[in-house]
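User: Please take a close look at one part of this model for me. I want to understand the salt bridges and what surrounds them.

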Amino acid sequence: MDKKVTSSLNEQINKEFFSAYLYLSFANWCEDQGLDGFANWYQVQAQEERDHAMMIVGYLQNNDEHVEYEAIKKPASSWDSALDVLKAGLAHEKYITASINNIYATALEAKDFRTTQFLDWFIKEQNEEETSAGMLIKKAEMIGKEGNGLYMLNQELASRVYTPPTVAE
Ligand code: FEO
């Protein structure tokens, strides 16, 4: 495989693990505020991020490429409100989308169509992640910071359950 493609995929593994770490940090903050539904939402999200990392690990290994785990940086740990957490989540997903797009462009340039095909799943996933993060922000803005509305959104988020990704490699 093209060296630029493999090194950017290795970097993406780290970014996906960092995403998991960041979402676990969101979950901790939410738990501290009594927002157990929000905490559940982000714990599930963290599991999905680990899946994303491991999908890339599997892809590199299936192509006989070396996987290198780098240090995962410390995530932020406090926010001013649940809305701020949601906004930080969307901003992070946009950063991840840009990163996936860059790898895609690198793979295209290298005529590595196996990798672009592999990344198609991630392109679609990023669209879904940005959509759901954006929808949560709209709901949170609709209800304001306090009271019954926040409680109800918390209950809604408590119902999210983890399902492993379905992807054909
Ligand atoms: Fe793995 Fe939320 O992107």
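Analyst: One cut-off comes first: a residue is buried under 20% relative accessible area, exposed over 50%, and partly exposed in between. Glu 141 has a relative accessible area of 46%, so Glu 141 is partly exposed. Keep in mind that this is a predicted model.

Glu 141 belongs to helix α4 (residues 113-143), and Lys 87 to helix α3.

Another of them joins Arg 160 and Glu 48, with the closest N and O atoms 3.2 Å apart. Arg 160 sits in the segment after α5 (147-158), while Glu 48 lies in helix α2. The pair therefore ties together parts that are 112 residues apart in sequence.

Next comes Lys 3 with Glu 65. Their closest N and O atoms are 3.7 Å apart. Lys 3 is part of helix α1, and Glu 65 is in the loop between α2 (36-62) and α3, so this bridge ties together parts 62 residues apart in sequence. Here the partners fall on opposite sides of the cut-offs. Lys 3 is exposed, at 58% relative accessibility. Glu 65 is buried, with a relative accessible area of 14%.

Now the helices around these pairs. Helix α1 (residues 3-32) packs with helix α3 (residues 82-109) at an angle of about 170°, and the axes are 10 Å apart. Angles over 145 degrees count as roughly antiparallel, so α1 is roughly antiparallel to α3. By class, their contact has 15 nonpolar, seven polar and four charged residues.

Helix α1 also holds Leu 24. Leu 24 is partly exposed, at a relative accessible area of 38%. With Tyr 21 and Ile 72, Leu 24 forms a nonpolar patch on the surface. Together the three have about 260 Å² of accessible area.

Technical notes:
Residues numbered from 1 in each chain as written. Predicted model: local features only at pLDDT ≥ 70, side-chain atom pairs only at ≥ 80, totals over all residues. Heavy atoms only, no water. Axes fitted to C-alpha atoms, helices over the stretch in contact; angles between N-to-C directions. Helix = DSSP H or I, 4+ residues; strand = E, 2+ residues; numbered from the N terminus. Parallel < 35°, antiparallel > 145°, perpendicular 65-115°, else oblique. Nonpolar A, V, L, I, M, F, W, Y, C, P; charged D, E, K, R; others polar. Patch = residues over 30% accessible without salt bridge, like charges linked within 9 Å, V, L, I, M, F, W, Y side chains within 5 Å. Areas by Shrake-Rupley, 256 points an atom, 1.4 Å probe, with all protein chains shown as cover. Salt bridge = Lys/Arg side-chain N within 4 Å of Asp/Glu carboxyl O. Buried < 20%, exposed > 50% of the residue type's maximum accessible area, 1.4 Å probe, protein only.
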